[in-house]
Amino acid sequence: MLSKEKTIWAVHQMMLEFPEAMGALHSDTPFHLLIAVMLSAQATDVSVNKVTPKLFARFPEPKDLAAAEIPEIEAYIRSIGLYHNKAKHLKACAQKILSDFDGVVPNNRAGLVSLPGVGRKTANVVLGDAFNVPAFAVDTHVQRIAKRLQIVKQSASVVEVEQVMTKRLPENEWVKSHHTLIFFGRYQCMARNPKCPTCPLLEICAEGQKRTKKTAE
DNA sequence: ATCCCGAGGG
DNA sequence: CCCTCTGGAT
């Protein structure tokens with residue numbers, strides 16, 4: 001396993017490579033960010049940003065979405081995929097924000113996770129980006145990178161990854177680290193064809209060294 | 001463990 | 001053609 005010191009070094013190297021890393025989902029209010037993050041499940045940020053302007057214009061507030069017909073919501077978000085579940089969750093989520101939270105998006109993890117369609121990952125992103133509450137969201141990119149660098153064992157769950165990363169990184173870097181790992185995963189350490197030969201972390205990455213050795217044969 | 005599920009990339 | 005995309009619910 002990678003040591004704590006090397007973990008911090010690795011994340012800082014990623015920050016040097018992608019200093020501009022930040023949230024890529026477009027939104028103005030916490031409610032709209034919540035919707036954008038819910039829609040981003042198994043979808044690209046580009047595809048989400050493509051539909052949210054019209055969606056937010058049509059449904060500015062929780063009460064607007066809570067009163068909407070499912071088919072109309074689906075029509076706005078169909079191009080994203082998984083649209084049946086997402087439309088259903090969006091409406092139920094807006095309804096619960098009205099009934100249980102006085103129409104205001106809760107700013108704590110327990111409240112957020114209680115909303116239909118909102119899991120720990122979505123809650124952590126909203127906490128960090130909308131409310132400036134320290135949180136470290138573990139998505140497919142973060143989990144893949146943590147395992148390739150052997151920061152965690154291959155069988156680690158998302159919660160285990162979150163526990164290790166939040167224990168090793170200073171709290172005031174959690175949000176930025178998350179976004180940096182996303183960028184690193186998207187442009188350098190991709191799922192399918194990672195660019196190991198040009199990776200600044202190759203010297204500490206067992207997976208990368210294995211891969212570069214294979215391609216050299 | 002499985003299902004959902006369109007769009008874009010390789 | 002096949003794989004992946006800032007997951008969550010069952």
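Reply: With a relative accessibility of 21%, Ala43 counts as partly exposed, because that class lies between buried (under 20% relative accessible area) and exposed (over 50%), computed with a 1.4 Å probe and protein chains only. This is a predicted model, in which local features need pLDDT of at least 70 and side-chain atom pairs count only at pLDDT 80 or more, while totals for chains, interfaces and linings use all residues; side-chain values rest on heavy atoms, without hydrogens and water. Residues are numbered from 1 along each chain as its sequence is written, while chains are lettered from A and ligands numbered from 1 in the order in which they are written.

Ala43 sits in the loop between helix H2 (30–39) and H3; helices are DSSP runs of H or I with at least four residues, strands are runs of E with at least two, and both are numbered from the N terminus. Beyond its neighbours within four places in sequence, Ala43 is in contact with Val48, Ile80 and Lys86, where contact means heavy atoms within 4.5 Å. Ala43 and Ile80 lie 37 residues apart in sequence, yet their C-alpha atoms are 6.4 Å apart in space.

Helix H3 covers residues 45–58 and contains Thr52. Thr52 counts as buried, at 1% relative accessibility. If residues up to four places away in sequence are set aside, Thr52 touches His26, Ala36 and Leu39.

Chain A has 12 helices and zero strands. Its radius of gyration is 19 Å, close to the 17 Å that the globule rule gives for 217 residues, so chain A is as compact as a globular protein of that length; the radius is taken over C-alpha atoms, and the rule is 2.2 Å times the number of residues to the power 0.38. Along the principal axes, the C-alpha trace of chain A spans about 60 × 35 × 30 Å. Of the 217 residues, 45% count as buried. Among contacts in chain A with a separation of 6 or more, 60% come from residues 24 or more positions apart.

Chain A divides into domain 1 (4–21 + 137–210) and domain 2 (30–130), with bounds that come from an automatic or database domain assignment. The contact between them takes nine residues from domain 1 and eight residues from domain 2. The centres of domain 1 and domain 2, taken over C-alpha atoms, are separated by 27 Å.

Helix H8 (residues 120–130) includes the buried residues Thr122, Ala123, Asn124, Val125, Val126, Leu127 and Gly128. The buried residues of H8 pack against H2, helix H7 (109–113), helix H10 (158–168) and helix H11 (174–187). Just after H8, Asn132 adopts a positive phi of about 55 degrees.

Glu162 belongs to helix H10. Its relative accessible area is 8%, so Glu162 is buried. Apart from neighbours within four places in sequence, the contacts of Glu162 are Arg109, Arg120, Asn124, Phe136 and Val138; Asn124 is also one of the buried residues of H8.
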